[in-house]
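Thanks for passing this one along.

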Amino acid sequence: MPYTLQTLNYQNDFRRLPPAFYQSVTPLALTQPEWVVGSDLCASLLGLDLDSLQNPESLALLSGNKTHSQWNPLAMKYFGHQFGYLNPDLGDGRGLLLAEVETDSGELLDLHLKGAGQTPFSRQGDGRAVLRSSIREFLCSEAMAALGIASSRALCVVNSSTSVRREEIESGATLMRVSRSHIRFGHFEYAYHTDGNNGDNTLLNALGDYVAERHFPYIAKTPNQNADLFSLVAKKTAQMVAKWQCIGFAHGVMNTDNMSILGETFDFGPFGFMDAFDPGYICNHSDHQGRYAFDRQPAIAHWNLSVLAQAMSPIVEKDALNEGLKQYSNVFNREFLSGMHEKLGLNPAASSVDSDEQGAEFIMETLSLLKNNRLDYHYFFRVISEVNIEGGEPSALSSLRDKCIDLNSFDQWFSNYQSRLSQNTQDPNARLAKMQAINPVYILRNHLAQIAIDKAKHGDYSEVKRLHEVLKRPYSRQEGCQQYEALPPDWAKELEISCSS
Ligand code: AMP
Ligand code: MG
């Protein structure tokens, strides 16, 4: 029997941490809650019946009109480096950890209601989330998971008649975020600075113990627990960022308070998937310096980890922290190169990637071809995943070649690609099948999200639901979904996504 929101098995596990890490807050009601969209796959992680969420009692729980007797909602306190500068004035300003769900398999999953009203950490904010940004987070969390990239999840979005002021008046909504953890790098920064003032390591030790026990029980209470913890975070972050770079995803606001301690994509704001390939792509219209440009993400993650290392320095030896940072770079390079090899259908075993300098060169040549000809990133990789070019002419890829400004560079690339492929031992059809399993047909392009949002703003949620359905199976071409794989229209280039949410 699947559970309902009323019958799930709830815990208040985060409250095992010292009270300095949170404040109790009751959600503030939104008026006239209305169901927008839900994720059956996320519901199934919880063992929850998705349909049951649409009944009035559940909608009341999802919109702050009611609270459950086993919830004990709290706002977390944390610090963070925002655009390079420490901000001690942070914490959950508009989202509450309601409780953790203990699933039948014994896993604890956080239920976090975003848009639930003001908290002691709201600063000037109104504690609300608008429909537009809630839909973007919903679609992207679920799309990332379907692409196979570690991410927080989204259970559902509920709209309301509560007005919220942004650049214009918008409607307030809630997003129910589901994640194994809401602990950020910034939690450790908060513990570090607070302990520093108190002259002890109480909060850092408590936090290290909590994260290890809950998420990495195999290192908990071992002599090297905290060093191993840092090394695991570094490794998982490297794996995540390597996947971002391979799929062409820009997060947009990689502040340390938006970095999950589990290396999961977290806190979706002005993110963007690349259309035409541009390594300097800045998806966040408010990021004037390009600090979080696409090609800076690997270095920024390293910078963020060095902030975390500083925060953990009272409880981990310096050498171990430096080793962890080095490990980040090694894992990132290895995973990025092997991921790009796979996208191209080239098959050096992951272990030999390090020594495959020619392979790395060819990846760079491919990316230069895309950049110089402004080729669409996803379209390019999907086309080469579907055409058997062994022994063929460059015209075999005419749909790409015709889009190139510099035909010579394309023909040169094509011939190099063929010669790289000729070193492959695998059968061409097997190669194409593997490539199709990692180069998506459908991607959450900005304009697709925008079309769905524009309709939703007029009360029509059908396109949000449809897009979510399509993105659940990004690697398989689906009937009647041609418009979702089409190249972006010209107006998509003008779309500007700001931080306002
Ligand atoms: P973000 O840029 O979304 O990661 O948010 C940075 C900080 O601002 C976090 O502490 C948020 O909780 C807080 N915040 C963002 N929007 C609001 C809002 N509308 N009301 C209150 N706090 C907010
Ligand atoms: Mg944030």
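1. Conventions. This is a predicted model, in which local features need pLDDT of at least 70 and side-chain atom pairs count only at pLDDT 80 or more, while totals for chains, interfaces and linings use all residues. Residues are numbered from 1 along each chain as its sequence is written, chains are lettered from A and ligands numbered from 1 in the order in which they are written, and side-chain values use heavy atoms, with hydrogens and water left out.

2. Helix H4. Helices are DSSP runs of H or I with at least four residues, strands are runs of E with at least two, and both are numbered from the N terminus. H4 covers residues 185–198, and its 14 residues reach 20 Å from the first C-alpha to the last, close to the 20 Å expected at 1.5 Å a residue. That expected span is 1.5 Å times one less than the number of residues. After H4 comes Gly 199, which has a positive phi near 70°.

3. Buried means under 20% relative accessible area, exposed means over 50%, and partly exposed lies in between (1.4 Å probe, protein chains only). In H4 the buried residues include Phe 185, His 187, Glu 189 and Asp 195. Their cover includes strands S4 (74–82) and S5 (85–91), together with helices H5 (202–215), H6 (225–247) and H7 (297–312).

4. Asn 304, in one of those covering helices. Asn 304 lies in H7 and is buried, with a relative accessible area of 0%. Its side chain reaches the backbone oxygen of Met 254 at 2.9 Å. Setting aside neighbours within four places in sequence, Asn 304 is in contact (heavy atoms within 4.5 Å) with Phe 185, Met 254, Asn 255, Thr 256 and Met 259. Phe 185 is also among the buried residues of H4.

5. Salt bridges. The count comes to 27, taking a salt bridge as a side-chain nitrogen of Lys or Arg within 4 Å of a carboxyl oxygen of Asp or Glu. Asp 92, Lys 114, Glu 137, Arg 177, Arg 184 and Asp 267 are linked in a network of these bridges.

6. Which parts of the chain does the pair Glu 168 and Lys 457 tie together? The two side chains meet in a salt bridge at 3.6 Å, N to O. Glu 168 lies in the loop between strand S9 (153–165) and strand S10 (169–179) and Lys 457 in helix H14 (residues 446–457), so the pair ties together parts that are 289 residues apart in sequence. Glu 168 is partly exposed at 46% relative accessibility, and Lys 457 is partly exposed at 39%.

7. Arg 445 and Asp 376: buried or exposed? Both residues are buried, and their side chains form a salt bridge at 2.8 Å, N to O. Arg 445 sits in the loop between helix H13 (428–436) and H14, and Asp 376 in the loop between helix H9 (357–372) and helix H10 (377–386), so this pair joins parts 69 residues apart in sequence.

8. Glu 386 and Arg 477. In this salt bridge the closest N and O atoms are 3.0 Å apart. Glu 386 is partly exposed at 34% relative accessible area, and Arg 477 is partly exposed at 44%.

9. His 468. This residue is found in helix H15 and is buried, at 4% relative accessible area. Residues up to four places away in sequence aside, His 468 touches Val 37, Gly 38, Ser 39, Asp 40, Phe 138, Leu 139 and Glu 142.

10. Ligand 1. It is surrounded by 16 residues, of which the closest are Gly 91, Gly 93, Arg 123, Gly 127 and Asn 258; a residue is near if one of its heavy atoms lies within 4 Å. An oxygen atom of ligand 1 is 3.0 Å from an N or O atom in the side chain of Asn 258. The protein covers 80% of the 480 Å² of accessible area that ligand 1 has on its own (Shrake-Rupley method, 1.4 Å probe).

Note on methods: A polar contact is a pair of N or O atoms within 3.5 Å; within protein, one must be able to donate a hydrogen and the other to accept it, and residues adjacent in sequence count only if both atoms are side-chain atoms.
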